[in-house]
Amino acid sequence: MTKHRIYTTSFASVYPHYVAKAEKKGRTKAEVDEIIRWLTGFSQAQLDAHLASKTDFETFFAQAPRLNPARAEIKGVICGVRVEEIAEPLMREIRYLDKLIDELAKGKAMEKILRRQPAPAVQGAR
């Protein structure tokens, strides 16, 4: 069985498309980077190094220091397929990233994109 073409595609070749999609909707490169760091556990320096070395998607996700456990909360349709139903693990990781960038471009708040729980209300405060 041959690998899907996206697995051997350079992450750096797709990254500008993520940024352009976000910027076209008034979002920033910094927000795209924050999403990628949240999903993969890479530091900004590590992310920049992968972009510079033109790491392919398969290696990029294989070398991720800590895939965020909250990524399992990412639900919805991307490219006509429900992300939570994608069986192949690497394709699911790639589609998680696609879905997060879509949410950013659609104007969703970073707190919601990054699946952060709101701080509990302080009891007794007036």
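Contact is taken here to mean heavy atoms within 4.5 Å of each other. The structure described is a predicted model, in which the protein chain has six helices and two strands, running from the N terminus as α-α-α-α-β-β-α-α. The C-alpha atoms fill a box of roughly 60 × 30 × 30 Å along the principal axes, and buried residues make up 43% of the 126 residues in the protein chain. Among contacts between residues at least 6 apart in sequence, 63% join residues at least 24 apart. The protein chain exposes about 7,400 Å², of which carbon and sulfur atoms supply 54%.

Helix α5 (residues 89-105) packs against helix α2 (residues 29-40) at an angle of about 145 degrees, the two axes lying 10 Å apart, and the crossing of α2 and α5 is right-handed. On the α2 side, Glu31, Val32, Ile35, Ile36, Trp38 and Leu39 meet Glu93, Tyr96, Leu97, Leu100, Ile101 and Leu104 of α5. By class, this contact of α2 with α5 comprises 10 nonpolar, no polar and two charged residues.

Helix α1 (residues 11-24) also packs with α5, their axes coming within 8 Å and crossing at roughly 25 degrees. Because angles under 35 degrees count as roughly parallel, α1 is therefore roughly parallel to α5. The contact is formed by Phe11, Tyr18, Lys21 and Ala22 of α1 together with Leu97, Asp98, Ile101, Asp102, Leu104 and Ala105 of α5, and the residues of this contact of α1 with α5 divide into seven nonpolar, no polar and three charged.

Methods. Residues numbered from 1 in each chain as written. Predicted model: local features only at pLDDT ≥ 70, side-chain atom pairs only at ≥ 80, totals over all residues. Heavy atoms only, no water. Axes fitted to C-alpha atoms, helices over the stretch in contact; angles between N-to-C directions. Helix = DSSP H or I, 4+ residues; strand = E, 2+ residues; numbered from the N terminus. Left-handed = near helix turned anticlockwise from the far one by under 90°. Nonpolar A, V, L, I, M, F, W, Y, C, P; charged D, E, K, R; others polar. Parallel < 35°, antiparallel > 145°, perpendicular 65-115°, else oblique. Buried < 20%, exposed > 50% of the residue type's maximum accessible area, 1.4 Å probe, protein only. Areas by Shrake-Rupley, 256 points an atom, 1.4 Å probe, with all protein chains shown as cover.
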